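Please read it alongside the coordinates.

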Amino acid sequence: MSNRSTLQIVQISGHPGPVPGQGVQRQDQVCKLVDTTTCIGCKACEVACVEWNDMPFQQTYFSNTYQTMPETNWNYWNLIKFNEHEGKDGTMQWLMRKDQCMHCADPGCLKACPADGAIVQYSNGIVDFQQDNCIGCQYCVAGCPFNIPRFNQSTKKVYKCTLCSDRVSEGLEPACIKACPTGCLHFGTKDDMKILADTRVTQLKEHYGMENAGVYDPQGVGGTHVMYVLHDATQPELYGGLPSNPKVPLSFTMWKGFFKPLGLAAAMLTFVGVIFHYVIEGPRRIQPEMPIKSGGSSAEGER
Amino acid sequence: MATSAKDFGERPNRIDELGRTVVHEGELLRHTVYTRVLHWLVGIFFFLALLSGFGIYLPWIFRLFTPLLGGGSTTRMWHPWFGLGFVIFFGLQVLNWKGLMRWTDADTRWMRNIKSYIRNEDPVEAPDVGFFNAGQKLQFWEIAIGCVALLVTGLMMWFPEIFGRVAVMISYVIHDVFALIMLAGIFIHVYLSTIGEPHTFQSMTKGTVREDWAWTHHPAWFQRITGRDPRKALEEKRARLNRERIE
């Protein structure tokens, strides 16, 4: 909310050379904090997201769950994942988690993306897709450990939550935060949200006896700009498949960042090779070749 | 026609009948119409797949290719179809050539001696080199294996929603590696079939080659087709040329 300046870019996908504007300005890291212990599954955040981003609503169906639809979609970026969990002691829990882009500090989608400028990371931590530059290869889908980017078959582009970068750049909170009636959603700087999350976890442990309560801020992706407070942080998978140790795939970091341009250069060396072969060794001509000197020995003309 | 297509291990078929291969005096039939049509279909789809693939491989370098095919996402949409065309027509070429491309002991000897081939030490190929030499066979089977690898990995990236993200992140590296090998190979192929070995190109356009080309580059094939000794044929022509010079 403190961010009132134009968003500066710190990382660009598939981009050669330096990033313009990188390090020009110091900006606070923004963060969403989702307290799953106070979510009532009202879906006000889902509606607010669709409303603010002006997306067409699609038909869905009832499948004996409190979930609006099975997965997020290219035009539905924010979904309350619902899980009816039976504990070891026979108690029942309704686990509800707001599923959306986690805005990783080390984004797998950006690492995987080959298209120059299709995915950018702002200095406040927001990871944003620029559909104008997207080529629809869907590598970001494979690169994302949270299964977030969604492909639109008709536009051939990929979409996901922008963390309301348009609102945040104007100093407003994201639409979902604005709509939340229970105060389960918080927005602020990452540092503030960490303190708030820790306070809540302490409260859950001391007042409610939730010994496993904890904060979800996975370090495998450098931390995220969306954090969760979970009743049981030891089993994040219970919350609609939240990965316990998300990581950027090695094939995208190693291959793309290093071997890809190197491999191309190696293949292009063949082109240089054949040119120098022609220059040094010359072509293989049909034999016998015509002698140079009239009446001379034919052997002289051979090479 | 000096020779019949049967002698080349290629069965004449309906497409051959659609076209015509005129073999002039001093020439031999090298590739039938069907083979030539397949070759150029493979070539067209190879370069379409290559150019569109470049635009996906490193868009920051090859962005200039993508507008030709309608922009980045349209290029990405076309690429698998181009690849499919390449694999299908190359598959037909494999069926067409599998006999001629069989690896022999002579090929193993050729590969051991590859340095002298590159260095042009003997301007005439070894007498046991047949219709294709070992280098050609190696490249052919490399592309055949590459086609299978590119098809399998390509399908996984074409339909990530079916195969899942782990399949995509592995496929993507394998797909790139085989594409790079083929990229390196195409330079050698184009070089040797044009300026590297003069008079080779006409075998894929007119379908014929000169007799002296045949005894220079494929002596065993020349012998099989004409029944003449390639070295002797070469020496006879050399003697004739020298005689003409003196006169």
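1. The model is predicted. For chain A, the domain assignment gives domain 1 as residues 9-234 and domain 2 as residues 254-301. Taken over C-alpha atoms, the centres of domain 1 and domain 2 of chain A are 56 Å apart.

2. Strand β5 of chain A and its partners. Strand β5(A) covers residues 119-122. Strand β1(A), residues 9-12, runs antiparallel to β5(A) and is joined to it by 3 bridges; here A:I12 stands opposite A:V120. Strand β6(A), residues 127-129, also pairs with β5(A) in the antiparallel sense, over 3 bridges, and A:I119 stands opposite A:F129.

3. The hairpin. β5(A) and β6(A) form a hairpin with 4 residues between the strands. In this hairpin A:G125 has a positive phi near 100°.

4. Faces of β5(A). In a regular strand, side chains alternate between the two faces of the sheet. A:I119 and A:Q121 lie on one side of β5(A), A:V120 and A:Y122 on the other.

5. A:V47. This residue lies in helix α1(A), residues 44-52. The C-alpha atoms of A:V47 and A:N78 are separated by 8.8 Å, although the two residues are 31 residues apart along the chain.

6. Helix α4 of chain B. The helix runs over residues 72-97, which makes 26 residues. At 1.5 Å a residue it should span 38 Å, and because its end C-alpha atoms are 36 Å apart, the two values agree. The helix has a kink of about 30° at B:W78, shortly before the proline B:P80.

7. Contact between the chains. How many residues does the contact take from each chain? Chain B gives 45 residues and chain A gives 43 residues. On the side of chain B that touches chain A, the elements giving two or more residues are α2 (33-57), α3 (59-62), α4, α9 (165-193), α11 (211-217) and α13 (230-246) of chain B. The largest share, 13 residues, comes from α9(B). By type, the residues on this side of chain B divide into 26 nonpolar, 8 polar and 11 charged.

Definitions and conventions. Residues numbered from 1 in each chain as written. Chains lettered and ligands numbered in written order. Predicted model: local features only at pLDDT ≥ 70, side-chain atom pairs only at ≥ 80, totals over all residues. Expected span 1.5 Å × (residues − 1). Bend = angle between axes of the 7 residues up to and from the residue. Contact = placed C-beta atoms within 7 Å. Nonpolar A, V, L, I, M, F, W, Y, C, P; charged D, E, K, R; others polar. Domains from an automatic or database assignment. Buried ≥ 20, exposed ≤ 12 C-beta atoms within 10 Å, placed from the backbone. Pairing = 2+ DSSP bridges.
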